[in-house]
Amino acid sequence: MTHIDPDALVASLRRLQKDRSATGIVHHLERIVQVVDRLFGYSGAGLMFAEEDRTLRFLFATDERGRSLEHAQAATGQGPCVAAYAGDTAVTTVDVRDDVRWPALKDLLHPEVRGVAGVPIRLGGVPVGTLNVYQDSPHEWQESDTQALHAYAHVIEQVLVAAIEADEKAVLADQLQYALDYRIVIERAIGYLMGKHDLTASQAFTGLRKQARDSRRKVSDLAAELLGEQGPKSVADPDHVG
Amino acid sequence: MDASSVLESVLIGMADLFGVDGAALMLLDEEDRLRAVGATDDDGLLLESAQESVGEGPAIDSASRCDLVAIRDLHAASPIGYPHLAAYAAPVHAVLSVPLIEGAELIGVLDFYARVGHAWGPAEAEAGSHLGELLVIVLQVLAESRTDAPFSGQ
């Protein structure tokens with residue numbers, strides 16, 4: 001038995017929809033990850049999604065440290081989030097830098113990425129990505145932590161389901177692919193800023209995010225502009241869902 | 001899965017995350033009236049429909065103040081409780097009402113509730129606010145996902 005009044009819901013959604021432009025699923029997912037960070041008080045959080053060949057790719061992270069975690073796993077094909085995706089289960093580590101399961105990660109990680117937990121995000125019961133959180137010091141994860149993360153991942157799954165219902169799977173996939181592709185542009189912009197201003201990766205990423213936020217633009221757009229190039233055009237623009 | 005099913009599933013997930021007995025939602029409609037939209041169970045529906053019909057309650061106060069309203073026990077005497085409302089929603093005792101803000105605009109109120117009296121602490125109030133933020137995002141996705149009306153700006 002449902003406990004939702006569809007008529008009341010539609011009336012309210014119609015009001016919410018009025019005079020607002022669609023912002024796209026990727027933008028919403030990014031905001032959702034920012035909320036998980038604040039909700040649980042973790043040092044950072046991020047999302048990875050799988051491509052067609054089941055390779056996990058970095059989608060976004062709440063800060064540069066989290067970006068290093070996702071980048072390191074994407075580069076080496078190993079890590080707690082890769083394991084969470086492959087095993088379709090929660091995977092945690094007290095200290096990812098000392099974990100013998102993933103020895104290749106240490107050299108690629110920001111030194112303040114220590115305790116890590118990853119849970120799968122599923123669609124139709126099949127894992128399609130992972131929600132990842134980290135702490136900046138070694139952390140003993142409790143079962144209540146992973147239960148809460150599973151519950152949060154479930155909310156993300158519902159958001160994906162809602163988006164798929166309306167946008168068709170292909171468009172959603174295009175939006176996620178677009179976001180994945182744009183990571184490359186952001187990486188290159190960070191490298192450019194590091195070289196030009198003698199910054200660390202952390203300083204460059206933080207500065208890029210701040211400038212984007214201050215100018216109410218997406219990091220990816222600003223990164224493309226810095227590099228004097230346009231973003232990928234072959235896929236749908238997530239700001240203009242068709 | 002339709003919007004109602006998604007929303008119900010999200011509310012259940014939020015109640016689980018928050019560790020409370022249930023969650024219920026009131027949203028402003030096109031005439032700016034706060035309407036009961038749904039809940040995780042019958043007690044939550046009672047709480048919301050009672051507020052809509054009697055015109056008082058923590059969600060209504062939360063909407064008018066645009067602020068959190070934390071009630072230890074609805075059954076307590078006024079002004080600490082809402083005894084008139086409690087008569088219509090007897091199983092519900094503690095309520096935390098969280099205003100839902102999109103941009104700078106109120107769009108509704110999310111109620112978390114417990115069947116026993118409970119003093120909501122600052123950490124719970126903060127968590128409730130964050131879950132409110134999360135629900136606003138979910139509602140935006142649902143609004144954008146509606147296929148019976150075109151998006152503006154296209």
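This is a predicted model: local features need pLDDT of at least 70, side-chain atom pairs count only at pLDDT 80 or more; totals for chains, interfaces and linings use all residues.
Colleague: Which residues have the most contacts inside the largest nonpolar core?
Modeller: The core in question holds 112 residues, and its largest share, 11 residues, is supplied by helix α5 (residues 122–145) of chain B. Apart from this core lies another one of 10 residues, including A:Leu193 and A:Val219. Within the largest core, the residues with the most contacts are A:Ile156, B:Leu135, B:Val138 and B:Leu142.

Colleague: Leaving aside neighbours within four places in sequence, with which residues is B:Leu142 in contact?
Modeller: B:Leu142 is among the residues with the most contacts inside the core of 112 residues. Once neighbours within four places in sequence are set aside, its contacts involve residues of chain A and of chain B, namely A:Leu13, A:Ala162, B:Ala3, B:Val6 and B:Leu7.

Colleague: From which element does the largest share of the side of chain A that touches chain B come?
Modeller: The contact takes 39 residues from chain A and 48 residues from chain B, and the residues on the side of chain A divide into 22 nonpolar, 8 polar and 9 charged. Two or more residues each are given to that side by α1 (6–17), α2 (25–40) and α5 (143–197) of chain A. The largest share, 13 residues, comes from α5(A).

Colleague: Which are the edge strands of the open sheet in chain A?
Modeller: This sheet has 5 strands in the order β2-β1-β5-β4-β3, with antiparallel pairing, and its neighbouring strands are turned by 25 degrees against each other on average, direction ignored. An edge strand here pairs on one side only, and the strands for which this holds are β2 (56–61) and β3 (91–93) of chain A.

Colleague: What angle does the direction of helix α3 of chain A make with that of β2(A)?
Modeller: Strand β1 (residues 44–50) of chain A pairs with β2(A) in the antiparallel sense over 5 bridges, and in this pairing A:Met48 stands opposite A:Phe58. Helix α3 (residues 64–76) of chain A packs on the sheet and touches β1, β2, β4 (116–123) and β5 (126–134) of that chain. Its direction makes an angle with that of β2(A) of about 175 degrees.

Colleague: At what angle to β4(A) does helix α4 of chain A run?
Modeller: Helix α4 (residues 80–87) of chain A lies across β1, β2, β3, β4 and β5 of chain A. Relative to β4(A), the helix runs at about 35 degrees.

Colleague: Which residue in the hairpin of β1(B) and β2(B) takes a positive phi near 60 degrees?
Modeller: Strand β1 (residues 22–28) of chain B and β2(B) pair in the antiparallel sense over 5 bridges, and B:Leu25 stands opposite B:Gly38. Strand β2 (residues 34–39) of chain B has 6 of its 6 residues buried, so the strand is largely enclosed by the rest of the structure. The hairpin has 5 residues between the strands, and the residue that takes a positive phi near 60 degrees is B:Asp32.

Colleague: How many bridges join β4(B) to strand β5 of chain B?
Modeller: Strand β4(B) is mostly covered, with 7 of its 9 residues buried, and strand β3 (residues 69–71) of chain B pairs with β4(B) in the antiparallel sense over 3 bridges. Strands β4(B) and β5 (residues 105–114) of chain B also run antiparallel, with B:Ala94 opposite B:Ala114. Their hairpin has 2 residues between the strands, and B:Gly103 takes a positive phi near 70 degrees there. The number of bridges that join β4(B) to β5(B) is 9.

Colleague: Is B:His93 buried or exposed?
Modeller: B:His93 is placed in the loop between α4 (83–86) and β4 (94–102) of chain B, and its C-alpha atom is separated by 7.1 Å from that of B:Arg72, 21 residues apart along the chain. Leaving aside neighbours within four places in sequence, its contacts include B:Asp73, B:His75 and B:Val116. Since a residue counts as buried when 20 or more other C-beta atoms lie within 10 Å of its own, and B:His93 has 21 such atoms, B:His93 is buried.

Terms used
Residues are numbered from 1 along each chain as its sequence is written. Chains are lettered from A and ligands numbered from 1 in the order in which they are written. A nonpolar core is a set of buried Ala, Val, Leu, Ile, Met, Phe, Trp, Tyr and Cys residues joined through C-beta atoms within 7 Å. A residue is buried if 20 or more other C-beta atoms lie within 10 Å of its own, exposed if 12 or fewer, and partly exposed in between; C-beta atoms are placed from the backbone. Helices (H or I, at least four residues) and strands (E, at least two) are DSSP runs, numbered from the N terminus. Two residues are in contact if their C-beta atoms, placed from the backbone, lie within 7 Å. Two strands pair if DSSP finds at least two bridges between them. Axes are lines fitted to C-alpha atoms, for helices over the stretch in contact, and angles run from 0 to 180 degrees between N-to-C directions. Ala, Val, Leu, Ile, Met, Phe, Trp, Tyr, Cys and Pro count as nonpolar, Asp, Glu, Lys and Arg as charged, and the others, Gly among them, as polar.
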